[in-house]
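Have the model open as you read.

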Amino acid sequence: MPTTPEKLSKYEKIEAFVRGFKLSSLTYKRVMHLLNEEMNNGLRANSNHLADIKMFPTFVRALPDGSEKGKFLALDLGGTNFRVLMVVINERDVDIQSQTYLIPQRIMLGTGVQLFDHIADCICRFIRDHDLKNVRLPLGFTFSFPCKQEGLAKARLSKWTKGFRCEGVVNEDICYLLHEAMKRKNTTSVEVEVVAVVNDAVGTLMSAAHNDRNCEIGLILGTGCNACYMESLENVGLWEGDYEHPAQVLINTEWGAFGDNGCLDFIRTEYDRELDTYSINPGKQIYEKMISGMYMGEIVRLALERLSMEGLLFESADRDCELFHRGRFFTKYVSEIESDHDEFFRNTKQVLDEIGVTNYTSEDCKIVKYICTLVSARAAFLSSAGLATVINKLNKPEMTIAVDGSLYRFHPRFHNLMTLKIQELVNHGLKFKLQLSHDGSGKGAALVAAVAMRLRDIKENQCPA
Ligand code: ADP
Ligand code: MG
C-alpha cells in the first residue's frame, strides 16, 4: 500500500526536503563532462567570449626551481582577509612576516579610489612598522578576482565576485590603480613596484611547487572556489604571447562561474536558488555558490529554516533569533558542528546558543548535524568532480594538488571526503595527492615576483642600456 504523506515518519519528511543535496556518482560524472566542455570553450579563441569559464592565461610559464632569492613585499586581497607581507626567499628557505588589516564593508562596496587608498595606507603602515622605509622592494600582488592578464604585471578586472563591488575598477588595470594610489600618498620614503599580479590559486600552486616538482594544480577553497593548472600552449587558443620554451602557461580557470549559463540547474536545490536570489551577484558564480566558505553556512541555514517552518525542527524556537536572519550562520559553524563525535553535541549546542535558538532537543542537534554533513559533502564532492576533470585532462601518472583556503584547512572532513571522491572519479591508474599549501598567497606571490626579477636581471645583463 502506498504511504500517504501523513503516514510518513518525521525522518522521511525531513529527507524529502534535503534529498537534493545527495547526488549520485553518475551525476558527478555528468558534472565533469559539462565542466570539461565549458573549460574547452573557454580555452578556444572563437568561443571564449561566450564562455562562462574564462580560462585566463596568467603569463606564468614556469614553476619555481628552488634557486629563487631576495626580499619581497606581497599583498593578499582574497575576499575575507587583506594582508601585507614581507617575504625573504633564500633558495628553499622562506621567512614570512605578515600583518592582516580589515577591509570595512563600506570600502568593499565603495569606490575603487577608496579601496586602493585604503590598500596604500596599509602598505605605508606596514613599511613604517617593519622599518622598510627607503628600501625599494619588488611587490607581488595576490589579487583573487577574475582578471584578464595582459602581462605579468598588468591585469584588468573582469568582474567583482565574493563580497566586493567597488565602482570604477572593472576593466581597469589594478596595478595602475595601486601605483596611482601610492602616488596620492605623496611620500618619497615608500617606493613599491608591482612586478607580478597573481590570483590565490596561482600563488598556492607556486608555493607548493617550490617544494614539490609534481605539483600541477592549485585549488582554493576559501571565501571563493577556484583552480589553476599548467596547460600546453597548443591547447590555449587564446594565447597571444610567444611560443618559446617552455611551451606551457598556467591557466587561471575561474571555474567558480561554471553553471552561470544554467547548465548546472539540474542539481540546484531550492536553497541554492534562494541564496542566489538574495546575493549581491544573482545568477553569477553558480558553482562557487554551491561550494565555498562565503555561502555554505547560508545554505545550511536556509535548509534549517525550512525544516523549522515545516515543524520538523526546533518546535518552539523564537522566530526573531539569528537562525531566521540571512547571513548569520557562518561556515565555521558547519566545521564546529561536524566536529561533534558523540551524543553530547557540545559544539552543536554552543552554536545553537550563539545564534539564539532556545529549547532545542538532542534530536534537533542530530538533525542540524545531519544537514551540515549533507551540505559539506556535496561541496567537497562538487569540488572533487572539478579536480578529477583537470586530473583526467592532464593525464599524468602522478600529481600533487596544492590546496589553500580556510574551508579546506579547518573543515574536519573535507580532505578525506575529497580524496575518496577523486579516487572514484579519476581515470584508472592516475595517482594524486592533496597537499595543504602553507601561506600560498603570500609566499606564492613573492615567488612569482622572484622569478620575474630573475628573468629581468638576465635580460638586462644580455642587452645593457
Ligand atoms: P580568503 O578566501 O579571503 O583568502 P580564507 O581562506 O580565510 O580567506 O577563507 C575565508 C572563508 O572561509 C570564509 O568564507 C569563512 O566562512 C570560511 N571559514 C572560516 N573559518 C572556517 C572554518 N573553521 N571552517 C570552514 N570554513 C571557514
Ligand atoms: Mg586566501
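What is the relative accessible area of phenylalanine 59, and is the residue buried or partly exposed? In this predicted model, phenylalanine 59 has a relative accessible area of 30%, so it counts as partly exposed. You will find phenylalanine 59 in the loop that links strand E1 (56–57) to strand E2 (69–77). Its phi is near 75°, which is positive even though the residue is not a glycine.

Glutamate 91 is another non-glycine residue with a positive phi, here about 50°. The loop that holds glutamate 91 runs between strand E3 (82–90) and strand E4 (93–101). With a relative accessible area of 37%, glutamate 91 is partly exposed.

## A cis proline

Next, have a look at the peptide bond between histidine 245 and proline 246: it is cis, with omega near -5°. Proline 246 sits in the loop between strand E10 (225–232) and strand E11 (248–252).

## Helix H9

Helix H9 covers residues 296–309, and its length can be checked.

How many of the 14 residues of H9 are buried? Twelve are, so to speak, under cover, and the helix is mostly covered. After H9 comes glycine 311, which has a positive phi near 75°.

Note on methods:
Residues numbered from 1 in each chain as written. Chains lettered and ligands numbered in written order. Predicted model: local features only at pLDDT ≥ 70, side-chain atom pairs only at ≥ 80, totals over all residues. Heavy atoms only, no water. Helix = DSSP H or I, 4+ residues; strand = E, 2+ residues; numbered from the N terminus. Expected span 1.5 Å × (residues − 1). Buried < 20%, exposed > 50% of the residue type's maximum accessible area, 1.4 Å probe, protein only.
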